[in-house]
Amino acid sequence: MTPLITPPVRLAVDPIACRAHGLCAEMLPDFVRLDEWGYPIVDARTLPPERRRAARAAAQACPALAFRLRRN
Amino acid sequence: MTAAPDHRPVGPREQRLLAGWLKTGTRASYAEHRARYGPVPAVPDRRAAARLINAVDRAGLRGRGGGGFPTARKLAAVAAGRRPRIVVGNGCEGEPASDKDRVLLTLAPHLVIDGLLLAAAAVGAREAILCVRSYDDHGLKDALAERAEHDTRAVRVVGVPHRYVASEASALARFLTDRDPRPTATPRRPTQRGVRGRPTLVDNVETLAHLALIARYGAAWYRACGTDDSPGTTLVTVGGAVDLPGVYEIEHGIRLGGVLDVAGGPAVPVQAVLVGGLSGVWFPLPAAAGVPWTAAGLDRAGLAGGVAALTVLPGRACGIAEAMRALRHLAAETAGQCGPCMFGLPAIAADMAALAEGSLGRAGLARLRERLAVISGRGACAHPDGAVRHARSALHVFAADVTRHAAGAPCAWAALPTWLPGGL
């Protein structure tokens with residue numbers, strides 16, 4: 001069976017909604033680190049398929065709903 | 001199309017927008033304006049509207065608010081949007097180093113109003129709004145009253161709070177919707193979802209003035225001066241250590257040194273020029289004098305972006321102290337919505353202040369560079385990016401001062417009054 005080809009997924013933060021709760025960095029440390037003020041610096045590279053579940057969990061966990069997955 | 005007035009382009013001092021003022025020494029009344037430029041062309045139907053957008057496209061007009069976006073593309077985008085559509089003239093001029101919009105509105109308001117009405121006709125908008133700083137309408141209401149019976153639409157003048165980010169396009173659209181003058185993070189641009197969610201054209205008032213002349217005299221006339229990639233004339237604010245600071249209309253393509261000469265040239269020996277206002281970039285003098293004033297020339301020199309404003313710094317001044325003042329102002333002007341900007345800008349302003357007084361040290365300087373590396377691109381608008389750009393260019397251009405200050409030796413010049421505008 002041929003693997004499904006899906007558009008690349010990347011991570012994004014809504015900078016106005018973000019309140020520096022920091023859960024995204026906690027749950028996805030290989031893609032998100034926090035600056036000295038507690039705000040996320042997100043790795044811009046494509047999210048590999050094996051990390052998608054964890055990324056979706058982080059997006060759902062964000063109390064501000066600021067952490068998102070984007071297809072482009 | 002009407003014939004051009006009988007003055008011919010005469011090299012770099014071609015005066016198109018400010019011609020009326022130079023002729024009479026006073027703001028033109030509506031009757032004088034019509035006598036000089038002819039009546040505003042009619043745009044009676046969609047075909048005429050399409051022809052006008054096409055003329056603007058062929059003319060190669062680009063925005064004069066700092067973004068430099070092709071105006072015809074914006075017009076077409078809004079014209080393709082769903083009704084009702086809205087056009088907004090942006091005369092707020094939040095950048096302290098820029099005075100051109102105030103000068104244009106004060107001296108040639110009828111050109112701006114013509115341009116706004118023509119833009120409204122071009123995109124099929126019924127609502128036309130002119131935004132200015134809330135405490136000064138530059139006599140616009142009087143100018144509008146003079147011509148009300150001739151105008152196809154009523155133009156509403158709206159006062160906007162005088163904040164740096166309030167005149168950013170998405171902030172303006174938001175303010176006109178619900179009185180909140182802060183930029184938004186929505187991915188859609190105002191051309192698609194602007195004021196009250198409608199397709200909205202937001203154009204700088206100078207852009208609209210050029211549009212008013214292109215509608216009359218055509219694309220070929222517009223391109224008769226300037227260069228191929230940067231046709232026409234543009235207004236530039238020249239300040240700092242020049243003999244005659246002020247707003248001048250220059251022909252694209254003359255060198256930056258020529259722009260300074262139009263303003264009387266350097267008043268004293270000079271070391272650098274800030275290009276693009278507080279969010280702009282420093283460049284050493286005399287090297288900067290050779291940069292051609294075109295989009296491509298400025299881009300090649302790393303000076304692209306930002307509104308057309310120059311601030312000349314004398315040799316007997318501290319570039320680091322000036323950068324500190326600029327950063328302090330930008331830090332005070334954040335909308336306070338995004339963490340990296342809200343916290344990052346005051347932090348780098350404080351670093352630059354410590355550097356200016358000789359207390360930052362090499363570790364602090366390294367930390368400043370790290371901060372500059374993470375702040376850009378993480379806000380809803382370009383405000384933090386401009387501050388970072390300024391700071392980085394200051395550290396680069398004034399590198400010798402940086403080394404001395406980081407070693408604990410401040411300079412006496414840091415205590416001198418600032419050369420930056422706006423009483424910073």
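Which residue lies over the face of A:F31? The residue is A:R45, placed at 4.1 Å from the ring centre. Keep in mind as you look around that this is a predicted model.

| Residue over the ring | Ring | Distance from ring centre |
|---|---|---|
| A:R45 | A:F31 | 4.1 Å |

Over all chains, the count of aromatic pairs comes to three. One of them joins B:W282 and B:F398 in an edge-to-face arrangement, with 5.1 Å centre to centre and 75° between the planes. This pair links distant parts of the chain, since its members are 116 residues apart. B:W282 belongs to strand β8 (residues 281-284) of chain B, while B:F398 sits in the loop between α16 (383-397) and α17 (399-406). Both B:W282 and B:F398 are buried.

B:F398 also leads us to B:I320, which touches it. Leaving aside residues up to four places away in sequence, the other contacts of B:I320 include B:M352, B:L355, B:A394 and B:H405.

B:I320 in turn takes us to the largest nonpolar core, a set of 58 residues. Among the residues with the most contacts inside this core are B:I320, B:M352 and B:L355, together with A:F67 from chain A. Helix α14 (residues 339-357) of chain B gives the largest share, ten residues. A second, separate core has 53 residues, including B:Y37, B:A55, B:L111 and B:A119.

Notes: Residues numbered from 1 in each chain as written. Chains lettered and ligands numbered in written order. Predicted model: local features only at pLDDT ≥ 70, side-chain atom pairs only at ≥ 80, totals over all residues. Heavy atoms only, no water. Core = buried A, V, L, I, M, F, W, Y, C linked by side-chain atoms within 4.5 Å. Buried < 20%, exposed > 50% of the residue type's maximum accessible area, 1.4 Å probe, protein only. Helix = DSSP H or I, 4+ residues; strand = E, 2+ residues; numbered from the N terminus. Contact = heavy atoms within 4.5 Å. Phe/Tyr/Trp six-rings, centres within 6.5 Å; stacked < 30°, edge-to-face > 60°. Lys NZ or Arg CZ within 6 Å of the ring centre and 35° of its normal.
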